[in-house]
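Trainee: Could we discuss how the side chains pack in this model, one question at a time?

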Amino acid sequence: MVQYRSLQLNEICREVFKDFIRHQNVTKCWRRENNEWVVKDVPFIDDWTEQDYNTLVSCLKNTVATGGFVHAAFYNEKLKGFVSVEPALFGDEQKYLDLSSIHVSEDMRNKGIGAGLFLAAKEWAKKNGAAKLYISAHSAVESQAFYKKMGCIEAEVYNQEHVEQEPYDCQLECKL
């Protein structure tokens with residue numbers, strides 16, 4: 001049985017991710033060409049290095065320390081998914097809160113964990129004054145299918161900081 005709960009600052013460390021498998025064999029991605037979205041062959045394997053995990057731990061700690069939301073899914077007491085939402089509203093009329101990460105361990109995908117985490121993020125964002133979640137999301141076809149299923153559409157206003165950091169990510173929003 002999957003258990004969901006928020007993570008406290010003192011729980012966020014490299015050790016909590018020891019049973020988490022961040023592996024994704026990507027074959028096709030969405031790309032914008034001539035102002036149109038098209039699917040392209042872009043094969044690569046997405047796997048986190050030890051440095052990636054250290055950066056993740058630092059970012060998630062910062063999210064909690066600044067009043068944001070870090071929520072996790074555990075299966076047999078092992079972390080198998082997590083989501084984070086940053087606390088600062090942006091986007092003027094859009095009233096966005098940034099869904100800064102959502103990941104499910106490879107061994108637990110397609111079991112509803114991502115949807116459970118996403119819904120918890122939406123609920124928290126709404127309670128904290130947002131009208132929409134902003135998502136700068138991996139452009140892999142599988143990732144985009146998840147967001148579409150969750151009701152996300154192309155963002156009305158792009159966050160330029162995200163675009164500059166990850167130019168191939170898709171910029172999405174989801175009404176709360």
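**Aromatic pairs, a helix face and nonpolar cores**

Mentor: Ring pairs join Phe17, Phe20, Trp48, Tyr53 and Phe82 into a cluster. This is a predicted model, in which local features need pLDDT of at least 70 and side-chain atom pairs count only at pLDDT 80 or more, while totals for chains, interfaces and linings use all residues. Residues are numbered from 1 along each chain as its sequence is written, and side-chain values use heavy atoms, with hydrogens and water left out.

Trainee: How many aromatic pairs are there by the rule in use?

Mentor: Rings of Phe, Tyr and Trp (its six-membered ring) pair if their centres lie within 6.5 Å; planes under 30 degrees apart are stacked, over 60 edge-to-face, and the rest tilted. Applying this rule gives a count of 14 aromatic pairs.

Trainee: Is the pair of Phe17 and Tyr53 stacked, edge-to-face or tilted?

Mentor: The two ring centres are 6.0 Å apart. Because the planes stand at 50°, the pair is tilted.

Trainee: How many residues apart in the chain are Phe17 and Tyr53?

Mentor: Helices (H or I, at least four residues) and strands (E, at least two) are DSSP runs, numbered from the N terminus. Phe17 lies in the loop between strand S1 (2-6) and strand S2 (23-33), whereas Tyr53 lies in helix H1 (residues 50-65). The pair therefore links distant parts of the chain, 36 residues apart.

Trainee: Are Phe17 and Tyr53 buried or exposed?

Mentor: Buried means under 20% relative accessible area, exposed over 50%, and partly exposed in between (1.4 Å probe, protein chains only). Phe17 has a relative accessibility of 1%, and Tyr53 has a relative accessible area of 5%. Phe17 therefore counts as buried, and Tyr53 is likewise buried.

Trainee: At what distance from the ring centre of Tyr53 does Arg14 lie?

Mentor: A charge sits over a ring if NZ of Lys or CZ of Arg is within 6 Å of the ring centre and within 35 degrees of the ring normal. Arg14 lies over the face of Tyr53, and its distance from the ring centre is 3.9 Å.

Trainee: Why do the buried residues of H3 line one face of the helix?

Mentor: In helix H3 (residues 141-149), the residues Ser143, Gln144 and Tyr147 are buried. The arc is that of the directions from the helix axis to the C-beta atoms. Lys148 and Lys149, on the other side of H3, are exposed. Seen down the axis, the buried residues line one face because they fall within an arc of 95°.

Trainee: Which residues does Gln144 contact beyond its neighbours within four places in sequence?

Mentor: Gln144 belongs to helix H3 and, at 10% relative accessibility, counts as buried. Contact means heavy atoms within 4.5 Å. Leaving those neighbours aside, Gln144 is in contact with Trp30, Ala137, His138, Ser139, Cys170 and Leu172.

Trainee: Which residues have the most contacts inside the largest nonpolar core?

Mentor: A nonpolar core is a set of buried Ala, Val, Leu, Ile, Met, Phe, Trp, Tyr and Cys residues joined through side-chain atoms within 4.5 Å. The largest one has 26 residues, and those with the most contacts inside it are Leu99, Phe118, Leu133, Ile135 and Tyr147.

Trainee: Which element gives the most to this core?

Mentor: Strand S4 (69-75), strand S5 (78-85), S6, H2, S7 and S9 are the elements that give two or more residues to this core. With 7 residues, the element that gives the most is H2.
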